[in-house]
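This briefing walks through the fold, the central sheet and the packing around it, grouped by topic for reading alongside the structure.

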Amino acid sequence: LLFPSPSSFPHPPPFPHLPPPHPLQEYARMIQVVQGYCLISTHVRISCYNQTGSGAKQLVLSTLGNASIKDNILNVFGPKQLSQLVEIEQCVQVEDIDSEEDKQHLTEELLQLFRLSGYVSRCNHGYGRSSTDRQFYFFNSRPCDHPKLTKLVNSTYHVFNVRQYPFVVLNVHANRELVDVNLTPDKRQVMVHHESALFVLIKSSLMKLFKKMEGQIDPHIPRPHLLEHVGGVTTPQGSTHGSTHGSTQ
């Protein structure tokens with residue numbers, strides 16, 4: 001590729017001065033991207049090393065060619081993190097959805113278009129994290145960045161644990177024609193057909209899963225429910241203070 005010299009432009013367009021990214025921030029972002037591939041890649045051995053200026057190599061993370069995402073989580077984040085997770089159970093019937101408004105976005109036909117799998121933090125306080133640094137989303141096992149989906153999951157989690165964020169590994173399986181990945185060169189941005197139906201399915205599945213743990217949450221602490229629209233779907237927000245355990249770092 002050939003680019004013209006800046007001198008060939010009589011009046012170069014002004015570009016805002018952006019500070020260069022900090023090397024440690026770029027390194028942390030790179031590690032997070034590699035972690036996503038390590039989690040979703042089964043039957044594949046992945047090893048990531050950090051080579052210092054002296055030439056010494058230090059193993060940063062690795063997987064052992066496991067047959068399941070659960071074992072990959074164990075390899076990458078350790079047994080403590082794995083013990084704080086529950087498997088995501090998909091809401092399989094429209095009747096399982098509590099909100100009448102949400103039922104309007106989802107039919108039995110649309111329900112069959114998507115299948116959810118993965119793991120999420122228990123909603124009890126002390127099992128979540130202080131930031132969103134361990135949230136990984138996939139469409140057909142392809143890592144992606146989906147801000148609206150991230151906001152939906154965090155909003156649902158905050159109904160039961162307002163002080164923390166969940167660890168999330170969520171893989172959405174759908175027909176390829178329903179997911180468009182040709183939006184950006186890195187193919188990490190996706191556009192999903194029937195997005196509102198997918199969001200209702202994810203929110204309802206998480207709500208049903210977390211409600212099973214309500215017996216472990218102090219019922220005397222009020223939880224106001226606020227409603228917010230995310231991608232055409234009403235998402236609950238509220239606050240619940242569970243037991244007074246320290247947060248996972």
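Of the 249 residues of the protein, 43% count as buried, and because the model is a predicted one, the values below describe that prediction. The accessible surface of the protein comes to about 14,100 Å², of which carbon and sulfur atoms hold 55%. The chain forms six helices and 11 strands, and residues 24 or more positions apart account for 71% of the contacts with a separation of 6 or more.

**The open sheet**

- Five strands make up an open sheet with mixed pairing, and their order across it is β3-β4-β7-β5-β6.
- At its edges lie β3 (85–87) and β6 (142–144), each of which pairs on one side only, while the twist from one strand to the next averages 20 degrees.
- Strand β4 (residues 114–121) runs antiparallel to β3 and is joined to β3 by three bridges, and within this pairing Glu-87 has Tyr-119 of β4 as its bridge partner.
- β4 also pairs with β7 in the antiparallel sense, here over seven bridges, and Phe-114 stands opposite Ala-174 in β7.
- β5 and β7, by contrast, pair in the parallel sense over five bridges, with Phe-139 standing opposite Val-172 in β7.

**The enclosed strand β7**

- Seven of the seven residues of β7 are buried, so this strand is largely enclosed by the rest of the structure.
- In a regular strand the side chains alternate between the two faces of the sheet.
- Both faces of β7 are covered, with Val-168, Leu-170, Val-172 and Ala-174 buried on one side, and Val-169, Asn-171 and His-173 buried on the other.

- Helix α6 (residues 195–211) lies across β3, β4, β5 and β7, and runs at about 40 degrees to β4.
- Apart from residues up to four places away in sequence, Gln-35 touches Leu-61, Val-76, Phe-77 and Phe-136.

**Nonpolar cores**

- In soluble globular proteins, nonpolar side chains tend to be buried together.
- The largest nonpolar core has 40 residues, and those with the most contacts inside this core are Phe-139, Leu-149, Leu-170, Leu-198 and Ile-202.
- At least two residues of this core come from each of α4 (108–111), β4, β5, α5 (147–158), β7 and α6, and α6 gives the most, with 10 residues.
- Leaving aside neighbours within four places in sequence, Phe-139 is in contact with Cys-144, His-146, Leu-149, Asn-171, Val-172, Val-179, Val-190, Val-192 and Leu-198.

Terms used:
Residues are numbered from 1 along each chain as its sequence is written. This is a predicted model: local features need pLDDT of at least 70, side-chain atom pairs count only at pLDDT 80 or more; totals for chains, interfaces and linings use all residues. Side-chain values use heavy atoms; hydrogens and water are left out. Contact means heavy atoms within 4.5 Å. Helices (H or I, at least four residues) and strands (E, at least two) are DSSP runs, numbered from the N terminus. Buried means under 20% relative accessible area, exposed over 50%, partly exposed in between (1.4 Å probe, protein chains only). Accessible areas come from the Shrake-Rupley method with a 1.4 Å probe; for residues, only the protein chains shown count as cover. Two strands pair if DSSP finds at least two bridges between them. Axes are lines fitted to C-alpha atoms, for helices over the stretch in contact, and angles run from 0 to 180 degrees between N-to-C directions. A nonpolar core is a set of buried Ala, Val, Leu, Ile, Met, Phe, Trp, Tyr and Cys residues joined through side-chain atoms within 4.5 Å.
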